[in-house]
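Subject: Structure for your review

Dear colleague,

Please find below the structure that I am handing over to you. My notes on the side-chain contacts follow it.

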Amino acid sequence: MTSGLVKFGLFGAAVVGIGFWVAEGVERKNVRECLERNSQQYGIGRQHHVYLTDVIEVEVYRSYGDGTATRFVKYLIQGSSKLQSATCRW
């Protein structure tokens, strides 16, 4: 009985871990695409989409009826320990 609960608990933890891993990948992809758009449209971001190493925080500022939201994004780029930030909508 205990063995079955342990296996169930391990399976549940694995499913949750995979879910977080997938969500992190989707979030990183959204941030990278946003930084690329900012770079192309406004000339800002200085190719940060290319050098993005880590997404630190994504905070929803305002949600819209079409399912998108304006987000404040904090991230790191290769070769710098300075925290970068941008405003994105997806």
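I begin with Arg-89, which is positioned over the face of Tyr-64, 3.8 Å from the ring centre. Please bear in mind throughout that this is a predicted model.

Arg-89 also takes part in a salt bridge with Asp-66, where the closest N and O atoms are 3.8 Å apart. With a relative accessible area of 42%, Arg-89 is partly exposed, whereas Asp-66, at 57% relative accessibility, counts as exposed.

Salt bridges

A search of the whole structure returned 4 salt bridges, and the contact between Arg-89 and Asp-66 is a salt bridge. I describe two others below.

Asp-54 and Arg-28 meet through their side chains in a salt bridge, at 3.8 Å from N to O. Asp-54 is located in strand β1 and Arg-28 in helix α1 (residues 2–42), so this pair ties together parts that are 26 residues apart in sequence. Asp-54 is partly exposed, its relative accessible area being 30%; Arg-28 likewise counts as partly exposed, at 23% relative accessibility.

Lys-74 and Glu-57 form a salt bridge as well, with 3.8 Å between the closest N and O atoms. Here Lys-74 comes from strand β2 and Glu-57 from strand β1, so the pair ties together parts that are 17 residues apart in sequence. Lys-74 has a relative accessible area of 35% and is partly exposed, and Glu-57 counts as partly exposed at 33%.

Aromatic contact

How many aromatic pairs does a search of the whole structure find? The search finds 1 such pair. The ring centres of Tyr-61 and Phe-72 lie 5.0 Å apart and their planes stand at 50°, so the pair is tilted. The reasoning rests on the cut-offs for the angle: planes under 30 degrees apart count as stacked and those over 60 as edge-to-face, with the rest counted as tilted.

This pair, too, links distant parts of the chain: Tyr-61 is in strand β1 (residues 52–63) and Phe-72 is in strand β2 (residues 69–77), 11 residues apart. Tyr-61 is exposed, with a relative accessible area of 55%, while Phe-72 is partly exposed, with a value of 34%.

Yours sincerely

Conventions
Residues numbered from 1 in each chain as written. Predicted model: local features only at pLDDT ≥ 70, side-chain atom pairs only at ≥ 80, totals over all residues. Heavy atoms only, no water. Phe/Tyr/Trp six-rings, centres within 6.5 Å; stacked < 30°, edge-to-face > 60°. Helix = DSSP H or I, 4+ residues; strand = E, 2+ residues; numbered from the N terminus. Buried < 20%, exposed > 50% of the residue type's maximum accessible area, 1.4 Å probe, protein only. Lys NZ or Arg CZ within 6 Å of the ring centre and 35° of its normal.
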